[in-house]
Amino acid sequence: MLVSLALYGWAGFQVGGRLKELRAGLEAAVRAGLLAGLGATAYSLVRPTEELSVSTAVALVAQNIVLAAGAGAFGAWLA
């Protein structure tokens, strides 16, 4: 999880720094979180440790988006 937070923050920092906009950095980090959440859901379907319900899949994606938004906002703010 710490690696994910660092990568989301790094994405926000890079995009926010290059475009000099907080919003662009935040959007980049949220997109990265969305991709990670969808990847986690796909992995849970392929290699299930427990039965994957719809609410669990939504929770995986939502958790990654929320974490990405926080870390990306911090990273973009630093840029």
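This is a short talk on how two helices, α2 and α3, pack in the structure above.

Okay, so keep in mind that we're looking at a predicted model. Let's start with the pair itself. Helix α2 covers residues 22-46 and helix α3 covers residues 54-78. Their axes sit 7 Å apart, and the packing angle comes out at about 155°. Anything over 145 degrees counts as roughly antiparallel, so that's what we call α2 relative to α3. As for handedness, α2 and α3 cross in the right-handed sense.

What's in that contact? Sorted by class, α2 against α3 gives 17 nonpolar residues and seven polar ones, with no charged residues.

Now α3 on its own. How far apart are its end C-alpha atoms? They're 36 Å apart. With 25 residues at 1.5 Å a residue, α3 should span 36 Å, so the two agree.

Which residues of α3 are buried? That list is A57, V61, N64, A68, A71, G72, G75 and A76. Look at the spacing as you read along, and remember that residues three or four places apart on an α-helix point the same way, because there are 3.6 residues a turn. And the cover over those buried α3 residues includes α1, which is 2-19, and α2.

Buried or exposed? The relative accessible area of T41 is 12%, and the cut-off for buried is under 20%, so T41 is buried. Leaving out residues up to four places away in sequence, T41 touches L52, A57, L60 and V61.

How values were computed. Residues numbered from 1 in each chain as written. Predicted model: local features only at pLDDT ≥ 70, side-chain atom pairs only at ≥ 80, totals over all residues. Heavy atoms only, no water. Axes fitted to C-alpha atoms, helices over the stretch in contact; angles between N-to-C directions. Helix = DSSP H or I, 4+ residues; strand = E, 2+ residues; numbered from the N terminus. Parallel < 35°, antiparallel > 145°, perpendicular 65-115°, else oblique. Left-handed = near helix turned anticlockwise from the far one by under 90°. Nonpolar A, V, L, I, M, F, W, Y, C, P; charged D, E, K, R; others polar. Expected span 1.5 Å × (residues − 1). Buried < 20%, exposed > 50% of the residue type's maximum accessible area, 1.4 Å probe, protein only. Contact = heavy atoms within 4.5 Å.
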